Amino acid sequence: MRKRIMATAGALCIGFTSVVSAAPFGGTDDMGYAGKLWSAMEGDGLVGNNAIMSAPYTGVHPHGAILDTLDATTTVDGKKNVVIIKRNYGGPGVSKQAVANDPAKFLKAITVMYKRPGYDPEDKDWFWVKFNPKGGVLKNPKGMSLAGKVAKGAAEGCIACHTAAPGGDLVFNHDRYK
Ligand code: HEC
């Protein structure tokens, strides 16, 4: 009897471990990399105080009422790669003009795609993150941090939705990074 209980506990333990290590995003490595990516973007003036911005435009679900999107490059771990930064603005009184006048007042989230060769060949090697305006990684309703290969299955997952982008590059706005 005791043996059987031990065996069951062992199996549960193994099951749990494999679930944790199989989590495709939000783990320690992804969080560390997200931190480096934020610092790199901040160093290049792409996020944070006085970051450069493009003209705000009216957005579509789920990214927010008003958006601006930048294509740039930034260097993480000594490797310079393409980064696409989408800032998501909202809140009372939001409009294109209001955002252009005072972006920080309306900034809600910063969604980022960073090209990371070899990281996820199946999905075009994008590293996905959703940051808050201060560089913290936001979580989904299940409490999982949105950094890494976010997520194929879930309807709200970046990859799941971006797979529909034309050109097969997971980028909606253009096909430059095929
Ligand atoms: C339900 C669909 C959907 C989900 C989920 C989604 N996106 Fe998007 N995303 C879009 C659409 C549509 C666009 C293009 C229109 C626009 O500019 O808003 C876009 C644009 C972008 C862009 C600009 C590059 C491009 O593809 O044109 C980035 C960067 C981005 N999304 C990041 C993310 C990240 C990071 C996540 C997950 C945290 C995410 N997205 C989740 C639909 C989605």
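**Figure 1. Aromatic cluster of Y33, Y114, Y119 and F127.** In this predicted model, ring pairs join Y33, Y114, Y119 and F127 into a cluster. The number of aromatic pairs comes to five. Y119 and F127 form a tilted pair, with 5.5 Å from centre to centre and 55 degrees between the planes. Y119 counts as buried, because its relative accessibility of 15% falls under the 20% cut-off. F127 is likewise buried, at 0% relative accessibility.

**Figure 2. Charged side chains over aromatic rings.** R116 lies over the face of Y33, at 3.5 Å from the ring centre. Y33 also belongs to the ring cluster that includes Y114, Y119 and F127. In a separate arrangement, K115 is placed over the face of W126, 4.4 Å from the centre of that ring.

Figure 3. The protein donors of the iron atom are NE2 of H63 and NE2 of H162, which lie 1.9 to 2.1 Å from it. The two histidines link distant parts of the chain, 99 residues apart: H63 is in the loop between β1 (57–58) and β2 (66–76), whereas H162 is in helix α5 (residues 158–162). The iron site has six donor atoms and is octahedral, with angles of 87 to 179 degrees among them. For comparison, ideal angles for six octahedral donors are 90 or 180 degrees. H162 is buried, with a relative accessible area of 12%.

**Figure 4. Surroundings of the ligand.** The ligand is surrounded by 22 residues, of which H63, K86, C158, C161 and H162 are the closest. An N or O atom in the side chain of H63 is 2.7 Å from a nitrogen atom of the ligand. For H162, a polar side-chain atom lies 2.8 Å from a ligand nitrogen atom.

Figure 5. D77 is not a glycine, yet its phi is positive, near 55 degrees. This residue is found in the loop between β2 and β3 (79–89), and D77 counts as partly exposed at 48% relative accessibility. D125, also a residue other than glycine, has a positive phi of about 60 degrees. D125 is located in the loop between β4 (107–115) and β5 (126–131). With a relative accessible area of 16%, D125 is buried.

Note on methods
Residues numbered from 1 in each chain as written. Predicted model: local features only at pLDDT ≥ 70, side-chain atom pairs only at ≥ 80, totals over all residues. Heavy atoms only, no water. Phe/Tyr/Trp six-rings, centres within 6.5 Å; stacked < 30°, edge-to-face > 60°. Buried < 20%, exposed > 50% of the residue type's maximum accessible area, 1.4 Å probe, protein only. Lys NZ or Arg CZ within 6 Å of the ring centre and 35° of its normal. Donors = N, O, S within 2.8 Å, 3.2 Å for Na, K, Ca; no water. Tetrahedral: all angles 85-135°; square planar, octahedral: opposite > 155°, others 65-115°. Helix = DSSP H or I, 4+ residues; strand = E, 2+ residues; numbered from the N terminus. Near = heavy atom within 4 Å. Polar contact = N/O pair within 3.5 Å; in protein donor to acceptor, adjacent residues only side chain to side chain.
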